[in-house]
Amino acid sequence: MQDVTDLPFMRLIARYGGPDLYVTEYFRVTPDSKLDATILKSITQNDTGIPVIAQMIGQDIPALIRTAKALEQYPIAGIDLNLGCPAPVVCRKDAGGGLLRQPERVNEILKVLRETIQGRFTVKCRVGFTDKAEFPRLLEVFQNHAIDGLTVHGRTVKDAYKTAVHPECVALAVQTMPCPVIANGNVVDVPTGVAYLRHTQAAGLMLGRGAIRHPWLFDHLRAHWEGREVTPRTGRDMMDYIQNLYDMTAAFHPHYETNSHVQKMKRYMVYITTGIADGQFEYRIRRVSTEPEFFAACHEYLDNDLPLPVRPPETSSVFCGFAELK
């Protein structure tokens with residue numbers, strides 16, 4: 001997740017169990033682009049012991065070839081092409097999810113990248129740009145190339161994050177593709193993760209926003225499969241997580257300034273606050289602008305032993321449609 005799942009976040013989430021594999025923020029690829037030095041640190045300074053895949057986004061073929069070759073000089077577990085980002089500024093440039101409008105262009109890009117990339121090459125996509133009926137044609141394109149994995153976010157680009165996912169599309173990819181398929185989107189707790197896998201038979205899950213909200217989610221999923229009990233988490237546990245996140249991300253930036261850092265923290269807090277204190281915590285955090293205000297709000301709503309809500313409210317504006325995964 002751009003400007004969110006950076007190196008300090010990777011280091012922190014590893015303390016809570018962490019994933020089996022990381023994917024970097026995306027390297028923007030244009031005719032005159034260079035490797036982003038900050039994102040590159042997620043590879044060169046990744047001391048978590050968890051492998052990391054480098055993610056690219058763009059549509060200029062010579063630049064993609066150049067960037068892929070440059071990335072393979074670093075200790076990466078593979079290269080991923082982003083065909084899923086729904087941000088309008090990205091799609092207007094026919095990159096990310098915007099490329100799904102041009103299956104033949106995707107076919108051309110995948111061909112040259114598969115010929116270029118010596119190691120693992122994976123793709124992340126959505127199930128179409130406007131309609132999930134576009135997905136079978138996209139799968140035909142993906143089958144033309146020996147990609148090593150496909151991650152499917154089960155919504156269209158137009159859906160953004162405002163609808164339920166379409167697990168039947170992920171299931172179709174599992175049935176169609178010769179490579180492992182990973183299910184992505186709307187996993188907010190163990191039941192939604194388990195249901196997504198049951199409905200799709202996917203090889204695994206990719207977690208993003210749900211893991212920011214509840215960093216114990218990776219461990220809880222493993223505990224479910226291993227038959228382990230987990231400790232219910234409380235407000236104070238969340239307070240510790242926020243404090244660690246604040247400190248680690250602040251230390252990462254050489255030009256740290258408290259008020260600007262509070263604004264960066266809001267990128268995480270929009271997910272973390274969801275469902276705590278009936279929206280009052282979220283309301284307060286959205287309006288703070290200074291470090292004292294930020295921590296005063298956190299202490300007011302989290303300095304307690306009350307259990308954290310297991311999942312967001314179904315009326316959440318950030319997590320939508322997850323209740324349909326059952």
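This is a predicted model: local features need pLDDT of at least 70, side-chain atom pairs count only at pLDDT 80 or more; totals for chains, interfaces and linings use all residues.
User: What makes a space a cavity rather than a pocket?

Analyst: The way out decides: a 1.4 Å probe fits in a cavity but cannot get out, whereas a pocket is an open set of points. The largest cavity here has about 40 Å³ of space.

User: Which residues line that largest cavity?

Analyst: Lining residues need an atom within 4 Å of a point. For the largest cavity, that gives Arg-213, His-214, Met-238, Ile-272, Thr-274, Ile-276, Leu-308 and Pro-309. Sorted by class, there are five nonpolar residues, two polar and one charged.

User: What about the open side of things: how much space lies in the second largest pocket?

Analyst: The second largest pocket has about 270 Å³. Its lining runs to 13 residues, with Arg-28, Val-29, Thr-30, Lys-93 and Ala-95 lying nearest the centre. Two elements, β1 (22-28) and α4 (88-91), each give two or more residues to that lining. Seven of the lining residues are nonpolar, three are polar and three are charged.

User: How do you know which residues of α11 and α12 meet?

Analyst: Contact means heavy atoms within 4.5 Å. From α11 that picks out Met-238, Tyr-241, Ile-242, Leu-245, Tyr-246, Thr-249 and Ala-250, and from α12 Thr-258, His-261, Val-262, Lys-264, Met-265, Tyr-268, Met-269 and Ile-272. The contact of α11 with α12 has 11 nonpolar, three polar and one charged residues. Met-238 and Ile-272 also turn up in the lining of the largest cavity.

User: And what makes α12 roughly antiparallel to α13?

Analyst: Helix α13 (residues 280-287) packs against α12 at about 170°, with the axes 10 Å apart. The cut-off is over 145 degrees, so α12 is roughly antiparallel to α13. Their crossing is left-handed. Lys-266, Met-269 and Val-270 of α12 meet Phe-281, Ile-285, Arg-286 and Arg-287 of α13, and the contact has four nonpolar, no polar and three charged residues.

User: At what angle do α12 and α14 cross?

Analyst: Roughly 35°, with the axes of α12 and helix α14 (residues 291-302) coming within 9 Å. On the α12 side the contact uses Thr-258, Asn-259, Val-262, Met-265 and Met-269, and on the α14 side Glu-291, Phe-294 and Cys-298. By class, that contact divides into five nonpolar, two polar and one charged.

How values were computed:
Residues are numbered from 1 along each chain as its sequence is written. Side-chain values use heavy atoms; hydrogens and water are left out. On a 1 Å grid over the protein atoms alone, a cavity is a set of points where a 1.4 Å probe fits but cannot get out, and a pocket is an open set with protein on both sides within 12 Å along at least five of seven lines; lining residues have an atom within 4 Å of a point. Grid points are joined across faces, edges and corners, and a volume is the space filled by probe spheres set on the points. Helices (H or I, at least four residues) and strands (E, at least two) are DSSP runs, numbered from the N terminus. Ala, Val, Leu, Ile, Met, Phe, Trp, Tyr, Cys and Pro count as nonpolar, Asp, Glu, Lys and Arg as charged, and the others, Gly among them, as polar. Axes are lines fitted to C-alpha atoms, for helices over the stretch in contact, and angles run from 0 to 180 degrees between N-to-C directions. Angles under 35 degrees count as roughly parallel, over 145 as roughly antiparallel, 65 to 115 as roughly perpendicular and the rest as oblique. A crossing is left-handed if the near helix is turned anticlockwise from the far one by less than a right angle, and right-handed if clockwise.
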